[in-house]
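Student: I would like to learn how to read the features of a structure model. Can we go through one together?

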Amino acid sequence: MTKKIGFIGAGNMAGAMMKGIIDTGLYTADEIIASEVYEPQRKYIAGKFGIDVHEDNSVVAKSTKFIVLSVKPQQVNEVLTSIKGSLTKDHLVMSIAAGVTISALESYVPACRFIRVMPNQPCMVLASASAFSRGTKATSDDCATVESVLKAVGISLEVKEELLDAVTGLSGSGPAYAYMIIEALSDGGVLMGLPRDVSTRLAAQTLLGAAKTILETGEHPGKMKDIVCSPNGTSIQAVRVLEDCGIRSALINAVEASAMRSKELGKE
């Protein structure tokens, strides 16, 4: 075992995690190995991060005891079945495959210790919101190992497994909702005469500032919204329009739809 962490699947989320853990110094490029079936992606990841990337998944299993399973949910069965001969009780597998339950993972390779994780894409800028659930054989040390990776790229919370689909709907898919909001706010600024670059920077910083305010003060978002909205002012007029357009219902329904799709993926 020559590497400290390995990725089976080197797509967008895996690449974001690699960038985060290398940038924070948790692992060096020499301590990371990955496998990826798509040749152009192998070349991209190897060139971008300077890590060993192979086509054969079993090379990763034979090179490290700590594996991040970062393939599509529909590929989990095939991948684990193909490498189970290389996996032992000494292996810790951190699965980020949405919807694939711990019981399903353990059924493929009963000897392994599994921890199921739902990270999100902002781990590439060290601002991920991740949640995890431990498998039946996972130890406290295993959880600490996984947390060290997740905390290197953002925040990490342990939850019951039955809540991970809700996490998927909220923080897993949430960056997509936020990007749409930033884009829409930027469009609004452009509509009112702002240059696109100025408008986008102001929109993004506004969401960042609001999020930081909630995280650092611990105040309820509704309370902070009320502070911004002065009587008969500009903000309350804007809030009225947003309420008329059903912004709350739209976002609630988006989280629900994503969570339900996560449940479906685990059955496919």
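**Burial and salt bridges**

Tutor: This is a predicted model. At 10% relative accessibility, D165 counts as buried, because the cut-off for buried is under 20%.

Student: Which residue forms a salt bridge with D165?

Tutor: A salt bridge here needs a side-chain nitrogen of Lys or Arg within 4 Å of a carboxyl oxygen of Asp or Glu. The partner of D165 is K263, with the closest N and O atoms 3.5 Å apart. K263 lies in helix α12 and D165 in helix α7, so this pair ties together parts that are 98 residues apart in sequence. K263 is partly exposed, at 37% relative accessibility.

Student: Which residues are linked with D165 and K263 in a network of salt bridges?

Tutor: R116 and E161 belong to that network along with D165 and K263.

Student: How many salt bridges does the structure hold?

Tutor: There are 18. One of them joins R248 and E243, at 2.6 Å from N to O. R248 is partly exposed at 48%, and E243 is partly exposed at 37%. Another links D187 with R196, where the closest N and O atoms are 2.8 Å apart. D187 has 36% relative accessibility and is partly exposed; R196, at 42%, is also partly exposed.

Student: How many cavities of 30 Å³ or more are there, and which residues line the largest cavity?

Tutor: A cavity is a space where a probe fits but cannot get out. The structure holds 1 cavity of 30 Å³ or more, and the largest cavity has about 30 Å³ of space. Its lining consists of A97, A98, G99, R116, V117, M118, L164 and T168. The elements giving two or more residues to this lining are β6 (113-118) and α7. Strand β6 gives the most, with 3 residues.

Student: What is the volume of the second largest pocket, and which residues lie nearest its centre?

Tutor: A pocket, in contrast to a cavity, is an open set of points. The second largest pocket has a volume of about 850 Å³. It is lined by 35 residues, and S70, V71, K72, P73 and Q75 lie nearest its centre. Helices α1 (12-23), α4 (76-83), α7 (164-172) and α8 each supply at least two lining residues.

Student: Which residues make the nonpolar surface patch?

Tutor: I181, L185, L242, I247 and L251 make a nonpolar surface patch of about 360 Å². Two or more of the patch residues come from each of α8 (174-191) and α12 (247-265). I247 is found in helix α12 and is partly exposed, with a relative accessible area of 30%.

Notes. Residues are numbered from 1 along each chain as its sequence is written. This is a predicted model: local features need pLDDT of at least 70, side-chain atom pairs count only at pLDDT 80 or more; totals for chains, interfaces and linings use all residues. Side-chain values use heavy atoms; hydrogens and water are left out. Patches are made of residues with over 30% relative accessible area and no salt bridge: like charges are joined within 9 Å, nonpolar side chains (Val, Leu, Ile, Met, Phe, Trp, Tyr) within 5 Å. Accessible areas come from the Shrake-Rupley method with a 1.4 Å probe; for residues, only the protein chains shown count as cover. Helices (H or I, at least four residues) and strands (E, at least two) are DSSP runs, numbered from the N terminus. Buried means under 20% relative accessible area, exposed over 50%, partly exposed in between (1.4 Å probe, protein chains only). On a 1 Å grid over the protein atoms alone, a cavity is a set of points where a 1.4 Å probe fits but cannot get out, and a pocket is an open set with protein on both sides within 12 Å along at least five of seven lines; lining residues have an atom within 4 Å of a point. Grid points are joined across faces, edges and corners, and a volume is the space filled by probe spheres set on the points.
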